[in-house]
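Please look at the sequence and the structure before reading on.

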Amino acid sequence: MTTTQILHILQQEIHSTVFATLDDKGLPQTCVIDLMLADEDGLYFLTARGKSFYSRLMARPFVALSGMKGQDTLSTAAVSLRGPVRNIGKERLAEIFEQNAYMAKIYPTEKSRDALEVFQIYRGEGEYFDLSQQPPFRQSFAFGGESVHETGYRIDRERCIGCQGCRSVCPSHCISETIPRTIDASHCLHCGNCFRICPVRAVEKLG
């Protein structure tokens with residue numbers, strides 16, 4: 001899946017997400033924010049100048065967010081990302097109202113919309129995690145010049161002795177039958193069972 005496809009899933013299919021920012025004491029604050037647009041340049045959302053969320057964004061222009069879709073745990077797909085934001089003012093505000101018709105019920109007049117400003121997440125890195133597939137599917141992604149942050153576990157080929165320890169405790173069966181063992185990162189749950197059981201410390205934790 002491309003990064004642009006993941007961003008469109010986040011904006012169109014999930015839409016309402018939980019944002020985390022830092023307040024003036026450096027403590028985390030969360031709020032639910034709708035993602036209004038997505039393209040190859042990032043994600044776009046808006047807020048009113050009078051809100052505390054706006055003040056936090058202006059003081060510390062960096063966010064982390066998560067969103068999910070699905071009827072229950074085993075039908076869930078979730079996306080998380082983090083990155084810097086910038087205020088682009090009224091740019092793309094008309095497009096946001098055109099593509100998100102419900103906004104006109106919240107801010108019905110041009111005068112009421114004067115309070116709104118648009119923000120862009122222009123760089124970011126994150127993860128798509130889909131529990132509706134078995135084994136679960138995981139994909140890291142990045143955009144705007146950011147690098148993919150590798151997490152999870154890998155096996156040092158030089159240290160691996162080919163025992164069955166790691167394979168015997170892997171819940172998603174993502175460790176190879178071949179020796180030296182390898183981990184299929186796209187199906188790894190990051191549970192750490194392989195790391196804890198390896199008798200020669202061939203399993204390395206990433207990130």
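Buried means under 20% relative accessible area, exposed over 50% and partly exposed in between, with a 1.4 Å probe and protein chains only. The model is predicted, with local features needing pLDDT of at least 70 and side-chain atom pairs counting only at pLDDT 80 or more, while totals for chains, interfaces and linings use all residues. Residues are numbered from 1 along each chain as its sequence is written, and side-chain values use heavy atoms, with hydrogens and water left out.

**A buried charge**

- Asp34 is found in strand β2 (residues 28-34), where helices (H or I, at least four residues) and strands (E, at least two) are DSSP runs, numbered from the N terminus.
- Asp34 is buried but has no salt bridge, and Lys51, the nearest side chain of opposite charge, is 9.8 Å away; a salt bridge requires a side-chain nitrogen of Lys or Arg within 4 Å of a carboxyl oxygen of Asp or Glu, and in the charge count Lys and Arg are positive, Asp and Glu negative, with His and the chain ends not counted.
- The Asp34 side chain makes a polar contact of 2.6 Å with the side chain of Ser16, and a polar contact of 2.6 Å also joins the side chains of Asp34 and Tyr102; the term covers pairs of N or O atoms within 3.5 Å, where, within protein, one must be able to donate a hydrogen and the other to accept it, and residues adjacent in sequence count only if both atoms are side-chain atoms.
- Leaving aside residues up to four places away in sequence, Asp34 touches His15, Ser16, Phe45 and Tyr102, contact meaning heavy atoms within 4.5 Å.

**Cysteines**

- The whole structure has 0 disulfides, a disulfide being a pair of cysteine sulfur atoms within 2.5 Å.
- The closest cysteine sulfur to that of Cys170 belongs to Cys174 and is 3.7 Å away, too far for a bond.

**Aromatic pairs**

- There are 7 aromatic pairs, counted where ring centres of Phe, Tyr and Trp (its six-membered ring) lie within 6.5 Å, with planes under 30 degrees apart called stacked, over 60 edge-to-face and the rest tilted.
- Phe19 and Phe53 form an edge-to-face pair, 5.9 Å centre to centre with 85° between the planes.
- This pair links distant parts of the chain, with Phe19 in strand β1 (residues 16-22) and Phe53 in helix α2 (residues 52-59), 34 residues apart.
- Tyr54 and Phe119 are also edge-to-face, at 5.8 Å centre to centre and 75° between the planes.
- Phe19, Phe45, Phe53, Tyr54 and Phe119 form one aromatic cluster.
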